[in-house]
Amino acid sequence: MTVIVRDLHSDAIADIEGFVRVRHAALPYMYFSPESVRHHLSLTPARARYRALVAEEDGEIIGTAQVGLAHESPEPGQGWLNVYVDPARTGRGAGTLLMRTAEEHLAAHGATHLYAWVLDEPGYRAFAERHGYRASRSAHFLVLDLAHTELPPLQNPPAGVELRTAADFADDPRPLFALDAEAGSDEPSDIDTELTDYDAWVAEYWKHPHLDLELTSVAVADGRPIAFSLAHTNGVGRYGTGMTGTARAFRGRGLAKLVKNDSLHRARAVGYTEAYTGNDSDNGPMLAINKWFGYEIRATEVRHVRELG
Ligand SMILES: CC(C)(COP(=O)(O)OP(=O)(O)OC[C@H]1O[C@@H](n2cnc3c(N)ncnc32)[C@H](O)[C@@H]1OP(=O)(O)O)[C@@H](O)C(=O)NCCC(=O)NCCS
């Protein structure tokens, strides 16, 4: 039985469903749907050199990789690859083949540093080390049992601040773009991000198939958004936070707690039962906020980096 690696075919529903199935089996904390897989494939700009790969054995998809250049980073030469193999089908060479194919692609397009997320388990970490990667920073996946956990009581916004939803910005989301860009550039990470292209942001984030405009809460002062908590939902119980951010000048006043609490209460009221989020392990403020809500750390991934000589 031979394992082969090839590009995912975006018009083949069996490919898309296989990709989603493997990703959920390997890492249930990140949510993919056929729509989100197609969304990514359809819009990534050519300079990102994005590819979605699948490993196939006897016609069945047993592994996946997403690979590309970090085109939103001000520093060139940063490549990323994330390889996940179905835990029931490891040991068949799929991971090695996916990794090699991804690395060759990135090297051919000028990447000098390759970043890969690796689950913090001895077998996975040893696999990365054997392939020349060294451990860098880590991040946690957190889950809140919305159905059974009491949320902090709803708070009133401070004087001069109003709570709105992202749907109120449907006609002109540009102020939310500015806030997302400001907050995102302060999020701890080993690849810096600079969101400068409004149209690309609209296409990728504002039109993301999981974005829930109604459940995304926004704090507004003097007509300008100053804090937001972005909701991704699947329509049937699963709610995730895509991002929480507060404008620099307004941090430390409880606004992130305010918007996220508002969004969580409203999500629960319309039937969402599980809330997911992810945080860099050095993000003290956001981890403190999520602990306050009752989120629990369920898994940790360690970013690994390989420098190409
Ligand atoms: C993280 C962020 C959203 C927090 O916004 P904020 O409006 O300042 O948050 P709040 O004021 O509601 O709450 C901050 C809490 O963190 C605590 N805190 C602040 N710095 C901390 C640190 N270094 N370690 C631990 N806790 C810390 C505060 O004490 C406060 O808790 P308290 O109310 O119990 O005192 C904001 O810093 C931000 O936009 N950062 C950049 C984007 C980002 O990293 N977003 C999260 C991505 S997952």
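Student: Which helices and strands each supply at least two residues of the lining of the largest cavity?
Tutor: Please keep in mind that this is a predicted model. Helix 5 (174–186), helix 6 (198–206) and strand 9 (224–233) each supply at least two lining residues.

Student: And which one gives the largest share of that lining?
Tutor: Helix 6 does, with three residues.

Student: How many cavities of 30 Å³ or more are there, then?
Tutor: The count is one. The volume of the largest cavity is about 70 Å³.

Student: What kinds of residues make up the lining?
Tutor: Eight are nonpolar, one is polar and one is charged. Among the lining residues are Trp-201, Tyr-205, Trp-206, Asp-180 and Thr-216.

Student: Changing topic: where are the domains?
Tutor: The domain assignment places domain 1 at 3–111 and domain 2 at 144–300. Their C-alpha centres lie 27 Å apart.

Student: How many residues are in contact between them?
Tutor: On the domain 1 side there are 16, in contact with 18 residues of domain 2.

Student: What area is buried there?
Tutor: About 1,500 Å² is buried between the two domains, and carbon and sulfur atoms give 60% of that area. In domain 1, the residues that lose the most area to domain 2 are Tyr-29, Tyr-31 and Glu-72, which together account for 42% of what that side buries.

Student: How many salt bridges are counted between domain 1 and domain 2?
Tutor: The count between these two domains is zero.

Methods
Residues are numbered from 1 along each chain as its sequence is written. This is a predicted model: local features need pLDDT of at least 70, side-chain atom pairs count only at pLDDT 80 or more; totals for chains, interfaces and linings use all residues. Side-chain values use heavy atoms; hydrogens and water are left out. On a 1 Å grid over the protein atoms alone, a cavity is a set of points where a 1.4 Å probe fits but cannot get out, and a pocket is an open set with protein on both sides within 12 Å along at least five of seven lines; lining residues have an atom within 4 Å of a point. Grid points are joined across faces, edges and corners, and a volume is the space filled by probe spheres set on the points. Helices (H or I, at least four residues) and strands (E, at least two) are DSSP runs, numbered from the N terminus. Ala, Val, Leu, Ile, Met, Phe, Trp, Tyr, Cys and Pro count as nonpolar, Asp, Glu, Lys and Arg as charged, and the others, Gly among them, as polar. Domain bounds come from an automatic or database domain assignment. Contact means heavy atoms within 4.5 Å. Buried area is the accessible area (1.4 Å probe) that two parts lose on being put together, summed over both. A salt bridge is a side-chain nitrogen of Lys or Arg within 4 Å of a carboxyl oxygen of Asp or Glu.
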